[in-house]
Amino acid sequence: SSGINAEYGVDQCTGFIDKMNEHNFAPLISPPTRITDHSATLIDHIFTNSCHTVTKSGVISDSDLSDHLATFASLLIDQGKIDCMLGANSADTLLTPPVNNEAILRFLEELKKVDWTFLFRVENADEKFTAFNNKYTEIYNTCFPARKPKRQGVRDMKPW
């Protein structure tokens with residue numbers, strides 16, 4: 001699937017949407033993503049060519065990080081394809097984080113503790129995203145440390 005963010009005039013936008021449809025890409029976002037006192041415009045698009053994998057998409061309306069609202073899409077992922085792309089022969093070779101309610105609650109609490117205002121001091125959008133992603137990843141890795149999954153149903157062979 002693909003994501004595209006762009007600003008277009010009305011005529012350009014219609015042509016853009018038509019061109020995306022010609023290539024079998026469907027829009028996932030329809031509400032406005034930039035709202036001012038004078039206008040409400042959809043300018044942050046997400047398109048996909050795999051609609052059957054989309055579980056949820058939308059606009060996050062309570063974002064103060066930009067003059068645009070954040071957009072998102074959640075997709076179903078085929079673990080078998082990921083294993084193949086990573087060169088994994090079995091689930092034993094993959095590292096998996098322990099995801100449970102306790103870890104999720106700890107993760108949310110740690111995210112709430114962060115003073116995110118440091119992002120306002122970063123001017124460049126790419127650097128701002130990198131700073132955000134680094135902090136988010138640091139918290140994620142702390143709350144969900146990767147580990148090899150336990151092999152179920154296999155007993156350790158004892159030499160005696």
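Q: Which side chain does Ser-50 pair with in a polar contact?
A: The side chain of Asn-49, at 3.4 Å. A polar contact here is a pair of N or O atoms within 3.5 Å; within protein, one must be able to donate a hydrogen and the other to accept it, and residues adjacent in sequence count only if both atoms are side-chain atoms.

Q: What kind of model is this?
A: It's a predicted model, where local features need pLDDT of at least 70, side-chain atom pairs count only at pLDDT 80 or more, and totals for chains, interfaces and linings use all residues. Residues are numbered from 1 along each chain as its sequence is written, and side-chain values use heavy atoms, with hydrogens and water left out.

Q: OK, back to Ser-50. Where does it sit?
A: Ser-50 is in the loop between strand 5 (44-48) and strand 6 (54-60). Helices (H or I, at least four residues) and strands (E, at least two) are DSSP runs, numbered from the N terminus.

Q: And is Ser-50 buried or exposed?
A: Ser-50 counts as buried because its relative accessible area is 19%. The cut-offs are under 20% for buried, over 50% for exposed and partly exposed in between, with a 1.4 Å probe and protein chains only.

Q: What about Cys-51, buried or partly exposed?
A: Partly exposed, at a relative accessible area of 46%. Cys-143, on the other hand, is buried at 1%.

Q: How many disulfides are there?
A: The structure has 0 disulfides, taking a disulfide as a pair of cysteine sulfur atoms within 2.5 Å.

Q: Let's zoom out. What's the order of elements?
A: From the N terminus the protein goes β-α-β-β-β-β-β-β-α-α-α, which comes to 4 helices and 7 strands.

Q: How much of the protein is buried?
A: Of its 160 residues, 21% count as buried.

Q: Which residues make up the largest nonpolar core?
A: There are 7 in all: Ala-103, Phe-107, Leu-111, Val-114, Ile-139, Cys-143 and Phe-144. Helix 3 (101-113) and helix 4 (125-143) are the elements that give two or more residues to this core, and helix 3 gives the most, with 3 residues. A nonpolar core is a set of buried Ala, Val, Leu, Ile, Met, Phe, Trp, Tyr and Cys residues joined through side-chain atoms within 4.5 Å.

Q: Why would such side chains group up?
A: In soluble globular proteins, nonpolar side chains tend to be buried together.

Q: Take Leu-111. What does it touch?
A: Not counting residues up to four places away in sequence, Leu-111 touches Trp-116, Tyr-136 and Ile-139. Leu-111 lies in helix 3 and is buried at 16% relative accessible area. Leu-111 and Ile-139 are 28 residues apart in sequence, and their C-alpha atoms are 7.2 Å apart.

Q: What span should helix 4 have?
A: At 1.5 Å a residue, its 19 residues should span 27 Å, and the end C-alpha atoms are 27 Å apart, which agrees. The expected span is 1.5 Å times one less than the number of residues.

Q: New topic: where's Asp-67, and what does it touch?
A: Asp-67 is in the loop between strand 6 and strand 7 (70-75). Leaving out residues up to four places away, Asp-67 touches Thr-33 and Arg-34. The side chains of Asp-67 and Arg-34 make a polar contact of 3.1 Å.

Q: Last one: what's up with phi at Asn-24?
A: Phi there is near 65 degrees, a positive value in a residue other than glycine. Asn-24 is in the loop between helix 1 (10-22) and strand 2 (26-27), and is exposed at 63%. Phe-25, also found in the loop between helix 1 and strand 2, counts as buried at 18% relative accessibility.

Definitions and conventions:
Contact means heavy atoms within 4.5 Å.
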